Amino acid sequence: MAVHRSLVNFAIVALMSPVISSAMEYIVGGDDGWKLGVKYDDWAKDKQFFVGDTLVFKYKGGDHNVYKVAGDEFKSCTVPSNNSLGSFTGNDTIKLANTGTKWYICGISGHCDGGMKLKITVLDRAPAPAPSTASTLFAKATGFHVLLGMIFAVALIEAFSFMGEMI
Ligand SMILES: [Cu+2]
C-alpha cells in the first residue's frame with residue numbers, strides 16, 4: 001500500500017510540474033552579446049519574458065556597462081547618476097523581479113545612441129489558457145495556489161489510502 005501511495009504522489013507531482021515551468025536565462029543579443037551594431041529590438045521581439053527569468057549582459061569588461069533606466073531616459077539615452085545594477089563585470093545578471101516594461105542602456109558615451117539599448121516587457125508567469133473551465137481556473141492560479149492545490153491533492157490521496165487500509 002505504501003508503495004502504491006508514493007507512486008500516486010509521484011504521479012501528481014509529475015503532472016503538476018510543467019505548470020510551475022522553470023525560469024529562463026537569456027543572453028542579451030544571443031551569440032553577439034552586448035555590443036555596438038546589434039539590433040536589440042530584433043533580438044527581443046520573438047521572446048516572451050516572465051517574472052523570475054534572468055537577463056545576462058555579456059561583454060568584454062570595461063568596454064561597456066548596463067544601466068536600468070526609466071522610459072524617458074531610454075528615449076533620450078540619459079545615463080542615471082546611480083548604478084542600479086551593482087558592479088559591471090561583463091557578465092551582468094539581472095533577475096526580472098516584477099511585471100512591466102523594462103529599459104536598459106549602455107552608459108558609455110555614444111553607445112546608447114549607437115543602438116545599445118534594450119526594451120522588454122515582463123509578464124506574469126502563467127500557463128497558456130485552455131478552453132475548459134478547469135484549465136482556465138488553473139491558468140489564473142499563481143504558483144502559490146498551484147502549490148497549495150498540490151499539497152491538498154496529496155493530503156486527499158493520503159486520507160483515502162488510509163481509509164482504504166482501515167476497511
Ligand atoms: Cu557600450
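Modeller: Two strands pair if DSSP finds at least two bridges between them. Keep in mind that this is a predicted model.

Biologist: Which residue in S7 is the bridge partner of Phe-50?
Modeller: S2 is joined to strand S7 (residues 117-123) by two bridges, and the two strands run parallel. For Phe-50, the partner in S7 is Leu-123.

Biologist: Which are the edge strands of the three-stranded sheet?
Modeller: This open sheet has mixed pairing and the order S1-S3-S5. An edge strand here pairs on one side only, and that holds for strand S1 (25-27) and strand S5 (91-95).

Biologist: Which residue in S5 stands opposite Val-56?
Modeller: Strand S3 (residues 54-58) and S5 run antiparallel, with five bridges between them. Opposite Val-56 stands Thr-93.

Biologist: What percentage of the residues count as buried?
Modeller: A residue is buried if 20 or more other C-beta atoms lie within 10 Å of its own. The chain has 167 residues. The share that counts as buried is 15%.

Biologist: How many helices and strands does the chain have?
Modeller: From the N terminus on, the elements run α-β-α-β-β-β-α-β-β-β-α-α. The totals are five helices and seven strands.

Technical notes: Residues are numbered from 1 along each chain as its sequence is written. This is a predicted model: local features need pLDDT of at least 70, side-chain atom pairs count only at pLDDT 80 or more; totals for chains, interfaces and linings use all residues. Helices (H or I, at least four residues) and strands (E, at least two) are DSSP runs, numbered from the N terminus. A residue is buried if 20 or more other C-beta atoms lie within 10 Å of its own, exposed if 12 or fewer, and partly exposed in between; C-beta atoms are placed from the backbone.
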